[in-house]
Amino acid sequence: KTFIYSILDKIAKSLPEVIFRKIDYDDRPEICGHYEITGLPTIKIFKDAKETGCIVGITTEDKIRKFIE
């Protein structure tokens with residue numbers, strides 16, 4: 001389990017109204033290609049099936065929370 005997964009698990013528990021999905025690049029490269037994921041880790045935010053933002057690279061819990069809000 002990576003550092004970023006630990007942060008996202010913690011945030012997911014505190015925001016049950018938000019749906020989180022984890023995709024392993026090695027297991028699902030076709031999905032990563034579809035969403036144009038070029039760096040790891042990548043966090044993408046979608047609202048009403050449209051991408052509204054993206055964070056690429058290591059970041060902090062506070063920045064992720066602000067990004068989601």
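From the N terminus on, the elements of the chain follow the order α-α-β-β-α. That makes three helices and two strands. Helices (H or I, at least four residues) and strands (E, at least two) are DSSP runs, numbered from the N terminus. The model is a predicted one: local features need pLDDT of at least 70, side-chain atom pairs count only at pLDDT 80 or more, and totals for chains, interfaces and linings use all residues. Residues are numbered from 1 along each chain as its sequence is written, and side-chain values use heavy atoms, with hydrogens and water left out.

How confident is the prediction? The chain averages a pLDDT of 92, and 99% of the residues score at least 70. Here pLDDT is the predictor's confidence in each residue, from 0 to 100. Confidence is lowest in helix α1 (residues 3–14), at a mean of 92. It is highest in helix α2 (residues 29–34), at 95.

Now the overall form. The C-alpha trace spans about 30 × 30 × 20 Å along its principal axes. The radius of gyration is 12 Å, which agrees with the value near 11 Å that a compact globule of 69 residues would have. That radius is taken over C-alpha atoms, and the globule rule is 2.2 Å times the number of residues to the power 0.38.

Next, the surface. Of the 69 residues, 25% count as buried. Buried means under 20% relative accessible area, exposed over 50%, and partly exposed in between (1.4 Å probe, protein chains only). The chain exposes about 5400 Å², and carbon and sulfur atoms supply 53% of it. These areas come from the Shrake-Rupley method with a 1.4 Å probe; for residues, only the protein chains shown count as cover.

Charge comes next. The chain has 12 positive and 12 negative side chains. Lys and Arg count as positive and Asp and Glu as negative, while His and the chain ends are not counted. The centres of the two sets lie 5 Å apart. Each charge is placed at NZ of Lys, CZ of Arg, CG of Asp or CD of Glu.

Follow the chain through its loops. D27 sits in the loop between α1 and α2. D27 counts as exposed because its relative accessibility is 57%. L15 is twelve residues from D27 in sequence, and the two lie 27 Å apart in space, C-alpha to C-alpha.

The loop between α2 and β1 (42–47) holds P41. The peptide bond from L40 to P41 is cis, with omega near -10 degrees.

D48 has a phi near 55 degrees, a positive value in a residue other than glycine. A49 is not a glycine either, yet its phi is positive, about 65 degrees. Are these residues buried or exposed? D48 is exposed, with a relative accessible area of 67%. A49 is exposed too, at 77%.

The last stop is T59, in the loop between β2 (50–56) and α3 (61–68). T59 is buried because its relative accessible area is 11%. What does T59 touch? Leaving out residues up to four places away in sequence, T59 touches F3, I4, I7 and I64. A contact means heavy atoms within 4.5 Å.

Finally, contacts across the whole chain. Among those between residues at least 6 apart in sequence, 35% join residues at least 24 apart.
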